[in-house]
2 protein chains.
Amino acid sequence: MTTDIVIETTRGNAVESRHRVRGLVCDASGTAVLAFGDIDRPVFPRSAIKVFQAIPLIETGAADALGLDAGDLSLACASHSGEPGHVARAASLLAKVGLGEAHLECGCHWPFDQPVALALARAGEEPGQLHNNCSGKHAGFLCTAVHEREDPAGYVGADHAVQRRVRDVLADLTETRPGKDQPAGIDGCSIPTYAAPLRGFAKGFARLAAGQGVDGARAAAGRRLMAACMAEPWYMAGTRRACVSLMEAAPGRVFAKTGAEGVFCGAVPELGLGFALKVDDGATRASEAAVAAVLARLFRTGDAALADRYDAMSHTTLRNWQGTKVGEVRAVDA
Amino acid sequence: MTTDIVIETTRGNAVESRHRVRGLVCDASGTAVLAFGDIDRPVFPRSAIKVFQAIPLIETGAADALGLDAGDLSLACASHSGEPGHVARAASLLAKVGLGEAHLECGCHWPFDQPVALALARAGEEPGQLHNNCSGKHAGFLCTAVHEREDPAGYVGADHAVQRRVRDVLADLTETRPGKDQPAGIDGCSIPTYAAPLRGFAKGFARLAAGQGVDGARAAAGRRLMAACMAEPWYMAGTRRACVSLMEAAPGRVFAKTGAEGVFCGAVPELGLGFALKVDDGATRASEAAVAAVLARLFRTGDAALADRYDAMSHTTLRNWQGTKVGEVRAVDA
């Protein structure tokens, strides 16, 4: 239970770099089944809790009133790669409430996935706000605001009703007072981000997944969003993305969501567990290996074949520009 | 002297991620003036010692026979960004010995600098081997091989005369037996890379810079290469690159070269010092902040204005996609 997980990269016959990880897997009561590293230090969850942030889209009735399907809800919880299918669906979400790209306040960036960015450049295009990895979440915010007859302008501000609703959900699920007893900052997409100990996020996901210790409608909203992501994982991430591989390895059984700076959160509903982890140095290559290693541990006794699949995902071969194997990224017990 | 350097990234009012760094600054006798972290663990120097690897280009007489200028020599020590000027000069180096891109064995990759990669894609092009950040070093290898009347084919192999010469220089400058008493691996560009303790690299650069404890012709070769890089830093790196900023802050006075996985090496000739550092987790954002912090410390007593410039470089503002300041990367004493 207390075995640490370290992510190493190797080259030839030696370890070249090391990442330290802290993480917690717990049930709806907060009881840990796996804990490693300093789990008390506050962590900015970044995009790993987009499911929490999308709960008001369900709770306000906006999702039902607008007839949103699983792909729409998955996109509303997404850090997507800005592929044409993501961009089109984000635009269609906005169109449902009579809004467009200009109403987004997330900013523009080139898709993080290099082949996607290069394809966009090759087509002579520039990324717009719809390409922002958070455009689906922001479209969800705007759907909620319009449904609630609020002025959508300034919806990224901490005092806007949209962000107040998100903060209320966070306070409930993390059992903290966001921004009051914990650090606060601004996220990449301009909305507030509130830190909390890893237990707040892991326990919050466990409570939603198990439907225990939380309002029944809120748990149902959380489960509906996670089910949508598991059913349509591509909309939540994109081609070649770790979140997709992690969820497709166990269809409908594992929810896993990456966040910037080496965060990963998720839930394993059949075990009634939630998890949250953070790589100290913020490296995504390490958080992806670590979450696979955690899932391998969780399934080892109950589903060894699935544990083997996750174990394989916790080891990635490193090749150089000629395709020669030069080392690997691997999760090791420490 | 023993104060550790930690690189932190902040968000809002809190530290979000942390990088641990180990490093050594020493003179030609190996006496440390600055040491932090575990400096005994072997480190793969990667591209941070391209000056060492280019010494045979001088020592064989190839550079003089071919009339190489400072830009050529800087490119031969480069991890360049694959900008048109780098590609053209790498091609011209190869042409001097009647060879071309097809003789390179470094492989192809998209330029690491995103604007450069996007410009290439926008022009409908694909990267060739000349775009490889190591193509100048490889062109230098090929110039040496042809000058020595060796078959250039297979010049990346550990047993080829080109790599044997490089290994001999490394053995001399690092005072190790590369690949025998230290780990060995294959680098991104397919040549061997040999690990050594940081002292080997820092002391090696100090010996070259001071011309002490090393064969006079070898020291002169090393100083000529470093002088070329300091005179033409753009060829050694490229637009927006940290190596260029670090060297342009003190023209002709500081040599600094990045390597993959968070390595930085260099020399301060006027102080008779060499340095080498490695970020445990391999992050470049941290190695760039750390080397600036090290240089700030080295110049604090003798040139406070320059120390202030390096100190400023050890702090970088982080902005989100709307341009809002959200935090910073900063070097702190720990």
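Where in chain B is Glu261(B) found? Glu261(B) lies in the loop between β6 (255–259) and β7 (263–268) of chain B. Strands here are DSSP runs of E with at least two residues, helices are DSSP runs of H or I with at least four residues, and both are numbered from the N terminus.

This is a predicted model, in which local features need pLDDT of at least 70, side-chain atom pairs count only at pLDDT 80 or more, and totals for chains, interfaces and linings use all residues. Residues are numbered from 1 along each chain as its sequence is written, chains are lettered from A and ligands numbered from 1 in the order in which they are written, and side-chain values use heavy atoms, with hydrogens and water left out.

Most residues other than glycine have a negative phi.

| Residue | Phi | Relative accessibility |
|---|---|---|
| Arg46(A) | near 50 degrees | 6% |
| Glu261(B) | about 60 degrees | 15% |

Arg46(A) is in the loop between β3 (32–36) and α1 (50–59) of chain A. Arg46(A) counts as buried because its relative accessibility is 6%; buried means under 20% relative accessible area (1.4 Å probe, protein chains only). Glu261(B), at 15%, also counts as buried.

Chain B superposes on chain A by a rotation of 180 degrees with 0.0 Å of shift along the axis, at an RMSD of 0.0 Å. That is the relation of a two-fold axis. The superposition is by least squares on the C-alpha atoms of residues with pLDDT of at least 70 in both copies. Among the residues of chain B, Arg122(B) comes closest to the rotation axis, with its C-alpha at 2.2 Å. The same surface serves both copies, as 100% of the contact residues of chain B (heavy atoms within 4.5 Å) recur in chain A.
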